[in-house]
Amino acid sequence: MNLKHESEITFVIVSLESIKGIKTCLKNIGNNYKIIIAENSNNLSIKNDIENNFTNARCILLGKNLGYASAANAGISYVKTKFAFLINADIEIYDYQISKLENELNKLENNFSVVSPFYDDFKDFIENNKFDKLFNLNQKIQLKQNIEKVTLVKGSSMLFNLSKFKEKIFDENFFFFFEEIDVCKRIKLADQNIYLINSVKIKHLGGRGIENKKANEISRFRNWHYYWSSFYYHKKHYGFHLSFIIHSTKLIKFFFLKYFYKFSNKFESEIFDCRFSGLLSSILGKKSSEGPDYGGR
């Protein structure tokens, strides 16, 4: 990799055969930063396409879909710089914004574990969701200063100070959803710092991280994994019994609704079935995966 200057940032992008989104993202970043693509497949043509057209990028083929947490850890393991900047392929960030972000990082003097630029859907992510009602990870965003201390950032844009992490950053039991919330909670419990860089505003376009998937298939996948991960997250931090109490009414609700909609709305019935199945699988201690029934990785 022949770079114009040696930055302390290496980008890591998790991909599932999302070549169009990846190439757009790499063009936006430019040639001045090292980039590692953690590709959740064994698609050699994607690797060749990326590495032949972007000299500052390296594509690591993971062989199959390992899920977001495992792929992110794998990509980060190749980073040799001080910071690993994990982004999704649907993040729009440009060279000049990265330079500005580097200047803001210098002001923090290494006193942080994670930072993120501000992005367009961040306030909705924080203020309209209650991920953990027992331990308040949510907060009102002020946007009054260039650098704002926060408790939670979205997994689509996380810059890690690798000196603060002695083990793998993500819990690989998470296949999809809640993995970044788990990381942020562990950082907060360790009394370390997470910052939002309000002076650098990027866009989260959505829809580029996974390509060649039908909308219904994606919806089923997301619903299954959201409730699997929700139960696992609460079990990990609060124990099985409290997690079961939190989720038991949902389990009953999903069970009845999947039959209620069985003849009037087939797709709605499938969605509630995915929610019920994902939640039940997590309660029973089954692992998550990408497979047709998702359980049993």
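Glu17 counts as partly exposed, at 31% relative accessibility, where partly exposed denotes the range between buried (under 20% relative accessible area) and exposed (over 50%), computed with a 1.4 Å probe on protein chains only. The model is a predicted one, in which local features need pLDDT of at least 70 and side-chain atom pairs count only at pLDDT 80 or more, whereas totals for chains, interfaces and linings use all residues. Residues are numbered from 1 along each chain as its sequence is written, and side-chain values use heavy atoms, with hydrogens and water left out.

Glu17 is found in the loop that runs between β1 (9-15) and α1 (19-29), the helices (H or I, at least four residues) and strands (E, at least two) being DSSP runs numbered from the N terminus. Although Glu17 is not a glycine, its phi is positive, at about 50°. Most residues other than glycine have a negative phi. A further case is Asn110, likewise not a glycine, with a positive phi of about 70°; Asn110 lies in the loop between α4 (95-108) and β6 (114-119) and is partly exposed, with a relative accessible area of 27%.

Helix α1 carries the buried residues Gly21, Ile22, Cys25, Leu26, Asn28 and Ile29. Because they cover an arc of only 160° around the axis, these residues are on the same side of α1, the arc being that of the directions from the helix axis to the C-beta atoms. The face turned away from this buried side carries the exposed residues Lys20 and Lys27. Just after α1, Gly30 takes a positive phi of about 90°.

Cys25, one of the buried residues of α1, has a relative accessibility of 0%, and Cys59 is also buried, with a relative accessible area of 0%. A search of the whole structure finds zero disulfides, a disulfide being a pair of cysteine sulfur atoms within 2.5 Å.

Leu108 is placed in helix α4 and is buried, with a relative accessible area of 11%. When residues up to four places away in sequence are not counted, Leu108 touches Val115, Ile147 and Tyr195, a contact meaning heavy atoms within 4.5 Å.

The elements that give two or more residues to the lining are α7 (215-238) and α8 (240-260), and α7 gives the most, with four residues. The lining divides into six nonpolar, four polar and four charged residues, with Ala, Val, Leu, Ile, Met, Phe, Trp, Tyr, Cys and Pro counted as nonpolar, Asp, Glu, Lys and Arg as charged, and the others, Gly among them, as polar.

Over the whole chain, there are nine helices and nine strands, and buried residues make up 53% of the 297 residues.
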